[in-house]
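Hi everyone, thanks for coming. I'd like to walk you through one structure today, so let's bring it up on the screen.

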Amino acid sequence: MIELSGIERQAGTYRLEIEQARLTRGLNLIVGANGAGKTTLIELLTTLQAPDRGQILYSGREASDHLPLICSQIGYVPAEIELYGEMKVVRLLKYMAELKGVYHSDAIDRLMHEFRLEPFKRSKIKHLSQGVQRRIAVVQALLASPLFLFLDEPLNGMDAEERKFLITYLTQYARTRMVIVAAHELNEWEDAADHIIWIHRGRIRYNGSPENWKLGVSSRVWEGEVLLDQFENIPQEKLIHFRMKEHTMRVRMMGMQPPLPGFKEMEPTLEDTFFLHMDALARRG
Ligand SMILES: Nc1ncnc2c1ncn2[C@@H]1O[C@H](COP(=O)(O)OP(=O)(O)OP(=O)(O)O)[C@@H](O)[C@H]1O
């Protein structure tokens with residue numbers, strides 16, 4: 001468990017403030033608009049940044065008093081990964097393992113196999129696709145079986161198969177450990193997220209189950225088809241997404257009532273719920 005209390009962090013004009021928060025085992029999905037503070041929160045939790053005020057406890061231990069121990073329990077995949085391009089994959093992973101105090105090759109062999117990296121074992125990192133490089137970044141974070149695994153936008157650069165594999169892997173890993181993921185694309189995490197941490201303008205607005213997050217919205221979600229000229233009159237702020245068909249548009253919208261006859265009410269997804277909460281905040285001003 002990670003417990004935060006009285007956290008304050010100023011970076012330029014941006015300010016993060018967290019009075020109290022508790023993160024528990026399972027897959028924790030940090031959601032928020034651009035610039036909300038997802039990366040700042042992850043960097044505080046990985047000890048990369050120190051708070052100006054407040055306390056972060058990892059399984060009851062204060063980070064500043066037990067830094068080497070806590071760092072050894074953390075795995076981190078940043079959003080912008082920069083691996084040593086000239087190194088071969090196996091050499092890089094051996095080096096990263098040694099830095100983490102892992103001197104036997106079992107973990108490397110197992111993870112290379114699980115993440116299907118064996119064909120690239122002797123390739124230089126710089127010759128590999130973004131998706132493969134990201135898989136390597138995830139593997140290096142997993143080498144010491146961290147209790148706390150942080151991933152910032154981990155699906156960036158991955159193809160559909162890699163994304164599916166990683167989400168399944170993390171879901172299983174999160175059964176016994178804490179996985180904390182910051183993501184923009186929420187629908188992909190629909191079945192994986194155990195907890196939602198919604199951050200808005202440097203404050204945690206929600207920390208709890210996806211089910212309760214969805215129940216916390218008053219507006220509803222509707223889907224239906226409209227003609228192209230009808231589409232032009234749809235208020236853009238109520239639009240969640242749309243898909244062009246031959247002569248019509250399939251649109252997904254939010255609102256208390258069906259926007260037009262023939263629209264059906266839909267179960268809100270995580271992504272819908274994010275839009276609904278943001279819309280409610282905007283209406284409150
Ligand atoms: N060192 C810094 N100096 C000044 N401003 C900073 C610094 N670090 C972050 N910020 C600002 O703090 C805000 C929060 O940044 P952060 O990267 O944590 O947000 P985010 O939710 O991860 O955003 P995104 O979704 O765009 O990645 C942004 O407005 C950013 O420009």
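This is a predicted model: local features need pLDDT of at least 70, side-chain atom pairs count only at pLDDT 80 or more; totals for chains, interfaces and linings use all residues.

Who are they? Around the ligand we find Ala11, Gly12 and Tyr14, then Gly32, and then Asn34, Gly35, Ala36, Gly37, Lys38, Thr39 and Thr40. Helix H1, residues 38-45, supplies the largest share of that shell, with 3 residues.

Now let's zoom out. The domain assignment divides the protein chain into domain 1 (2-214) and domain 2 (218-267). Taken over C-alpha atoms, the centres of domain 1 and domain 2 are 36 Å apart.

The largest nonpolar core has 75 residues, and the members touching the most others are Leu29, Ile30, Val139, Phe150, Ile180 and Val181. Which helix gives the most to this core? That is helix H5 (residues 130-142), with 7 residues. Both domains take part: the core draws at least three residues from each of domain 1 and domain 2. To pick one member, Val181 touches Leu27, Leu29, Ile30, Leu151 and Pro154, leaving aside residues up to four places away in sequence. As background, nonpolar side chains tend to be buried together in soluble globular proteins.

On to helix H9, residues 270-284. This helix has 15 residues and reaches 21 Å from its first C-alpha to its last, close to the 21 Å expected at 1.5 Å a residue. Its buried residues are Leu270, Asp272, Thr273, Phe274, Phe275, Leu276 and His277. What covers them? The cover includes strands E3 (26-31), E9 (195-200), E11 (220-227), E12 (239-244) and E13 (248-255), along with helix H7 (210-215). Just after H9, Gly285 takes a positive phi of about 85°.

Most residues other than glycine have a negative phi. Ser145, however, has a positive phi near 45°, and this residue sits in the loop between H5 and strand E7 (148-152). Arg201, also not a glycine, has a positive phi of about 45°, and its place is the loop between E9 and strand E10 (203-208).

Thanks, and I'm happy to take questions!

Notes: Residues are numbered from 1 along each chain as its sequence is written. A nonpolar core is a set of buried Ala, Val, Leu, Ile, Met, Phe, Trp, Tyr and Cys residues joined through C-beta atoms within 7 Å. A residue is buried if 20 or more other C-beta atoms lie within 10 Å of its own, exposed if 12 or fewer, and partly exposed in between; C-beta atoms are placed from the backbone. Helices (H or I, at least four residues) and strands (E, at least two) are DSSP runs, numbered from the N terminus. Domain bounds come from an automatic or database domain assignment. Two residues are in contact if their C-beta atoms, placed from the backbone, lie within 7 Å. A residue is near a molecule or strand if its C-beta atom, placed from the backbone, lies within 6 Å of it. The expected span of a helix is 1.5 Å times one less than its number of residues.
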